[in-house]
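Subject: Handover of a structure for your files

Dear colleague,

Please find below the structure that I am handing over to you, followed by an account of what was found in it.

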Amino acid sequence: MLDTITVLDVTQVVSGSFASMTLADMGADVVKIERPTGGDVGRHNPPYVGDFSSYFASVNRNKRSVSLNLKSDEGAELFLELAEEADVVVENFRPGAMERFGIDYESVAERNPEIVYCSISGFGQEGPYAEYPALDIIAQAMSGNMSITGPPDSKPYRSGIPIADIAGSMYAVQGILGALFRRERTGEGQYVDVSMLDCMLSWLTVRTGYTFATDEPYPRMGNKLNEFVPYGVFETADSHLAIVVVQDHHWEKLCTAIGRPELVTDDRFRTADRRRANRDELESILEDELVARSTDEWFDVMSDHGVPSGPIYDTKEVWEDDHVNHRKLLSSIQLGDEELSVVDHPVKYADDTTGITRGVPRVGEDTYETLERMGYTEAEVAELIERGVVGSPETAHPER
């Protein structure tokens, strides 16, 4: 799908690396630019499979690795030479860093006017906070998302996954594809500025709709939801089950499923407004009924009756689910001599192929091959390695 697109990935950790991996899964040739010593800092996060960090591997499959010292003039020049033949640059350094290296958008566009250059940062390239450091939890905190996550009688919680990193990466892919589409029509490149905070604000959607309508902050309710009752996680005989009632017909089906059809016409619960007004009574009745059977039994019953529900899987149990296996999302990659399970690309096309075509490179694994294709001799590359301008797996520090 993107097999004619070359991407230079100048990112570290999750934000940006997930974006470039997504482009790689869609067929782009992604060249990860890493430091000669140590590479991406994410390579040193445990746990490990052999010499590889599984943390790093989870967002860096399908890529090649070229190791450049971007702080050196020669390393920066090599990057610009690579950019002359590239279609996309993705970076997630603090604003101003790429300019200090001499490889910012203006510098690259001077050599390649058709380049699509995407910068992902915590607060964007402009504004009072632009130069402030911001990791995932900071964007979650300042966007309002943490204020509505967690139990009402506790401190705010962050999401269990790095949603600000992922949101920034997803919007980056969207922005890059939009800019590439525009380039097809105009022949012009584009600069794409992605702020993790902006992306998290965008994800507030209906929660800000509540605030804009009421002039009140959306309440933190844990697993419950202000609008719908019942909505949440309920204890069963052996674990827990998530149940959602959004419309009256869901309520009717739930009452039938638990063997309490009389509750449909009970004046306390017959409308959504009445169910909200009598939330505690309703949930108490539901809890008493649900503890009589196991989660698996209730999931079957609820599914048969058309009640939205689901078991609470952990990150190991989910891969044992029949439907998840049917969707073929579980795949694997090579990490040297080892193999690691990974989540495959989730979007399926009828007439095209996405997915995993190669594993995870070692630091600078493709430096020699890439520079030789640029016209450098093996001796010249070796001399650049000797002077620390570029790196290779042999000169990089171990993965850990």
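In which loop does Pro230 lie? Pro230 belongs to the loop between α9 (206–214) and β9. Before going further, please note that this is a predicted model.

Overall picture

The chain contains 16 helices and 14 strands. Its C-alpha trace spans about 85 × 50 × 40 Å along the principal axes. Of its 400 residues, 45% count as buried.

Cis peptide bonds and positive phi values

The peptide bond that joins Val229 and Pro230 is cis, with omega about -5°. The loop between α9 and β9 also holds Asp215. Asp215 has a positive phi of about 60°, although it is not a glycine. With a relative accessibility of 68%, Asp215 counts as exposed.

Another cis peptide bond joins Pro46 and Pro47, where omega is about 0°. Pro47 is located in the loop between β2 and β3, and Asn45 lies in the loop between β2 and β3 (48–49) as well. Asn45 is partly exposed, its relative accessible area being 26%. From Asn45 to Lys71 there are 26 residues in sequence, and the distance in space is 24 Å, C-alpha to C-alpha.

A positive phi is also found at Asn62, a residue other than glycine, with a value near 65°. Asn62 sits in the loop between α2 and β5. Is Asn62 buried or exposed? Asn62 counts as buried, at 5% relative accessibility.

The sheets

Seven strands make up an open sheet with mixed pairing, in the order β8-β7-β6-β1-β2-β5-β14. At its edges are β8 (190–195) and β14 (390–391), each of which pairs on one side only. Within this order, β2 (residues 29–34) and β5 (residues 63–68) run parallel and are joined by five bridges. Val31 has Arg64 in β5 as its bridge partner.

Another open sheet has three strands in the order β9-β10-β11, and its pairing is antiparallel. Why is one side of β9 and of β11 left without a neighbour in the sheet? Both β9 (231–235) and β11 (309–311) stand at the edges and have a single partner strand each, so one side of each has no neighbour there. On average, and with direction ignored, neighbouring strands of this sheet are turned by 25° against each other. Three bridges connect β10 (residues 240–244) with β11 in the antiparallel sense. Here Ala242 stands opposite Gly310 in β11.

Strands β12 (residues 330–335) and β13 pair in the antiparallel sense over six bridges. Ser331 stands opposite Val342 in β13. The hairpin of β12 and β13 has two residues between the strands, and Gly336 takes a positive phi near 65° in it.

The largest pocket

The largest pocket has a volume of about 1000 Å³. Its lining consists of 32 residues, and those nearest its centre are Phe18, Met21, Ser58, Val59 and Val343. Two or more lining residues come from each of α1 (17–25), α2 (54–57), α7 (163–186) and β13 (338–343). Which element gives the most to this lining? That element is α7, with five residues. By class, the lining comprises 21 nonpolar, eight polar and three charged residues.

Cysteines

How many disulfides does a search of the whole structure find? The search finds zero. The sulfur of Cys118 has its closest cysteine sulfur in Cys199, at 9.2 Å, which is too far for a bond, because a disulfide needs the two sulfur atoms within 2.5 Å. Cys199 is likewise in no disulfide. Cys118 is buried, with a relative accessible area of 0%. Cys199 also counts as buried, at 5% relative accessibility.

A residue in helix α13

Phe299 has its place in helix α13 (residues 295–305). Phe299 is partly exposed, with a relative accessible area of 26%. The C-alpha atoms of Phe299 and Ala350 are separated by 31 Å, the two residues being 51 residues apart along the chain.

With kind regards

How values were computed. Residues are numbered from 1 along each chain as its sequence is written. This is a predicted model: local features need pLDDT of at least 70, side-chain atom pairs count only at pLDDT 80 or more; totals for chains, interfaces and linings use all residues. Side-chain values use heavy atoms; hydrogens and water are left out. On a 1 Å grid over the protein atoms alone, a cavity is a set of points where a 1.4 Å probe fits but cannot get out, and a pocket is an open set with protein on both sides within 12 Å along at least five of seven lines; lining residues have an atom within 4 Å of a point. Grid points are joined across faces, edges and corners, and a volume is the space filled by probe spheres set on the points. Helices (H or I, at least four residues) and strands (E, at least two) are DSSP runs, numbered from the N terminus. Ala, Val, Leu, Ile, Met, Phe, Trp, Tyr, Cys and Pro count as nonpolar, Asp, Glu, Lys and Arg as charged, and the others, Gly among them, as polar. Buried means under 20% relative accessible area, exposed over 50%, partly exposed in between (1.4 Å probe, protein chains only). Two strands pair if DSSP finds at least two bridges between them. Axes are lines fitted to C-alpha atoms, for helices over the stretch in contact, and angles run from 0 to 180 degrees between N-to-C directions.
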